[in-house]
Amino acid sequence: MEDKPRGLTAHTLARVLNLDRAELPAALWSWLYFFCILSGYYILRPLRDEMGLAGGIRNIPWLWTGTLTVMLVAHPLFTKLVAKLPRAIFIGFIYRFFAVNLLAFFVLLTLSRGAANIWIGRIFYVWTSVFNLFVVSVFWALMVDSFRSDEGKRVFGFIALGGTLGAVVGAGTTALLATVLGPVNLILIAIVMVEAAVHCAKAVIRRQPGRSTAGTATDQDEPDVSVPASRDSDQPKKPDGEHPIGGSIWAGLQHTLRSRYLMGIMLFILLFTVTSSLVYFQQAEIIAAELSDRARRTAMFATIDLAVNLVTMATQLFLTSRALRRLGVAVTLAILPAVSLGGFLLLGLSQTLPFLIGFQVLRRSSNYALSRPAREILFTVLKREDKYKAKNLIDTLVYRTGDQIGAWFYAVMILVGFTLAGISFVAVALCVGWLALALWLGGKQRVLGQPGTRGAYRGYRTRALNG
C-alpha cells in the first residue's frame, strides 16, 4: 500500500475536494474507474435504445423479460466467483468477459443485414441491460467495501462526478460520431474503456486493502442475518481483498429475505425501477412518433443523455457532498421520490416531448447526483459478504425485476385503455410510498452507523428470523 500523497499539490487538491490526504489516491483512482465504466456504457446506451425501437416498441417488454431471465442465471454465477476468488481477480474476469462479448457483437452487427441484424440488435439490447447493471454494481460494491460510511459522505459525491463526466464523454462521443463513423464502430471504443476500468479497479484495491471492516462497528453488529457464520474468521490474517469472501452462493438472497433493512432497500429499488420504466416507455412512444430516421433517433437519445449528465455534473460539483453532510442520508435519499412525485403530477397534465425530456433530465440527474450516492451509503453499514452478494442481488436481479414489473404494468394499462396522463397519475401514488420508505431507510442507516448497537440488533435479528 502506498503512503499518503505528499506535497503542496496533493494538500491543495485534498482541501478543494474536502478529502483527507490519505483518502486521495484511492479516491482519484475510483474517480477514473467510474469515468471509464460510464463512458463505455454511455457509448453503448444510445445504440441499445435505437436497436430496441428498431425491433418494435411493443416488443421491448419481451426484451426486458429476456434480461430478467439472463439475470436469474448470471447472479448465482457471480456469487460463486465472489465466494471463490479474491476481489482483484473476479472483477478483472467479469469485465474482460464483457469486453470479449462486445467484440463478438461488433463482428456480428457489422456482418449481419435485414432480419438477422434486427434479432442480433435485440440480443444486444438484452446484453447491454445486463452489462450495465453488473459493471456498475461491481464498481459500487468495491467502493462500499473500501470506504466507511463517514468517508463515503465525503468521497462518494466526488467519485460519482467521475462517472458523470465519463457519461458526458460517452454520450457526447455517440452524439457526434454516430452519423459519421456509424453506430456499430463505436463499440470498439467501449471495449477500450472496459479494459481501462480493470486496471483502475486493481489500483483502488492496492491502495485500500482491508478498509471494509476497520473501524466500522456495524460490519459485525448490524445485519448478522446469515444462517451460518462466514468462514472469513478461519482465513489467515491478511487484507480482505487478498482472499475470497467465501460463503454460500445463495447468501445474498437468504440475507436479504431475513433483514427488514435489506428488504427496505430492495423495495426502494423496485419502486425506482417501476417508475423509471413508466417514464421510459412514455419517452419511447413520443420519440418514435416524432422521429422516423434511425440515426436521428440515436442522436436524440444521446442528446438527452448528454443533458442529463451535464446537469448531474453541476449538481455533483456544488451540492452532493453538502447535501449528504448537512441534510443527511434520509433527506438526500428522499429528494428523488419527491422530484418524481411532482414530475408525474405535472406530466399527467402535459404530455409534450419538451416537457417529458425536462422531467427525464431532472429525474435522472437527481438519481445520479443525489440518490445514488445516498443509496450506496446504505450499504456501507453491512458486513462484507453482504456488500457483494446481497448488494449484487438488489442491484441486478431485483433491479431488472422492477423493470419487468414496470414494463408489463405499462403494457397492461395501455391494453385496458389508460392514457399517458392516467399512467402518470398512477405513478404519483407509487411515489408517495416511495418517499416515506426513503425517509425510513435513511433513519435506519443512521442508527446502524452508530457504534454500540450490537445488543439491539441481536434482538432485531431474532425478530427477523422468527418472522
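This is a predicted model: local features need pLDDT of at least 70, side-chain atom pairs count only at pLDDT 80 or more; totals for chains, interfaces and linings use all residues.
Modeller: Residues are numbered from 1 along each chain as its sequence is written, and side-chain values use heavy atoms, with hydrogens and water left out.

Biologist: Is Phe124 buried or exposed, and what is its relative accessible area?

Modeller: Phe124 lies in helix 5 (residues 114-146); helices are DSSP runs of H or I with at least four residues, numbered from the N terminus. Buried means under 20% relative accessible area, exposed over 50%, and partly exposed in between, with a 1.4 Å probe and protein chains only. Leaving aside neighbours within four places in sequence, Phe124 is in contact (heavy atoms within 4.5 Å) with Leu44, Leu47, Arg48, Met51, Leu102, Phe105, Leu109 and Ile187. Phe124 is therefore classed as buried, with a relative accessible area of 0%.

Biologist: How many disulfides does the structure hold?

Modeller: A disulfide is a pair of cysteine sulfur atoms within 2.5 Å. The closest cysteine sulfur to that of Cys200 belongs to Cys36 and is 4.4 Å away, which is too far for a bond. Cys200 is buried at a relative accessible area of 3%, and Cys431 is buried at 0%. The number of disulfides in the structure is 0.

Biologist: Why is the pair of Trp31 and Phe35 described as it is, and what is that description?

Modeller: Rings of Phe, Tyr and Trp (its six-membered ring) pair if their centres lie within 6.5 Å; planes under 30 degrees apart count as stacked, over 60 as edge-to-face and the rest as tilted. The whole structure contains 27 aromatic pairs. For Trp31 and Phe35, the ring centres are 6.0 Å apart and the planes meet at 10 degrees, so the pair is stacked.

Biologist: Where do Trp31 and Phe35 both lie?

Modeller: Phe35 is buried, with a relative accessible area of 16%. Trp31 and Phe35 are 4 residues apart, about one turn of the helix, and both lie in helix 2 (residues 24-54).

Biologist: How many residues apart in sequence are the parts that Phe281 and Tyr410 tie together?

Modeller: Phe281 and Tyr410 form a stacked aromatic pair, at 5.1 Å centre to centre and 20 degrees between the planes. Both residues are buried. Phe281 belongs to helix 10 (residues 260-290) and Tyr410 to helix 14, so the parts tied together by this pair are separated in sequence by 129 residues.

Biologist: Which residue forms a salt bridge with Asp145?

Modeller: A salt bridge is a side-chain nitrogen of Lys or Arg within 4 Å of a carboxyl oxygen of Asp or Glu, and the structure has 9 of them. In the salt bridge between Asp145 and Arg384, the closest N and O atoms are 3.2 Å apart. Asp145 lies in helix 5 and Arg384 in helix 14, so the pair ties together parts that are 239 residues apart in sequence.

Biologist: Which residues are linked with Arg372 in a network of salt bridges?

Modeller: Glu376 and Arg372 both lie in helix 13 (residues 353-379), 4 residues apart. The closest N and O atoms of their salt bridge are 2.5 Å apart. Glu376 is buried at 0% relative accessibility, and Arg372 is buried at 16%. The residues linked with Arg372 in the network are Glu376, Lys391 and Asp395.

Biologist: Which residues does Asp403 touch, not counting residues up to four places away in sequence?

Modeller: Asp403 lies in helix 14 (residues 384-415) and is buried at 7% relative accessibility. Asp403 also forms a salt bridge with Arg400, with the closest N and O atoms 2.1 Å apart. Beyond residues up to four places away in sequence, Asp403 touches Trp64, Thr273 and Ser277.

Biologist: Is Leu257 buried or exposed?

Modeller: Leu257 is located in helix 9 (residues 251-257). Together with Trp250, Leu253 and Met263, Leu257 forms a nonpolar patch on the surface, with about 390 Å² of accessible area in total. With a relative accessible area of 53%, Leu257 is exposed.

Definitions and conventions:
Patches are made of residues with over 30% relative accessible area and no salt bridge: like charges are joined within 9 Å, nonpolar side chains (Val, Leu, Ile, Met, Phe, Trp, Tyr) within 5 Å. Accessible areas come from the Shrake-Rupley method with a 1.4 Å probe; for residues, only the protein chains shown count as cover. Helices (H or I, at least four residues) and strands (E, at least two) are DSSP runs, numbered from the N terminus.
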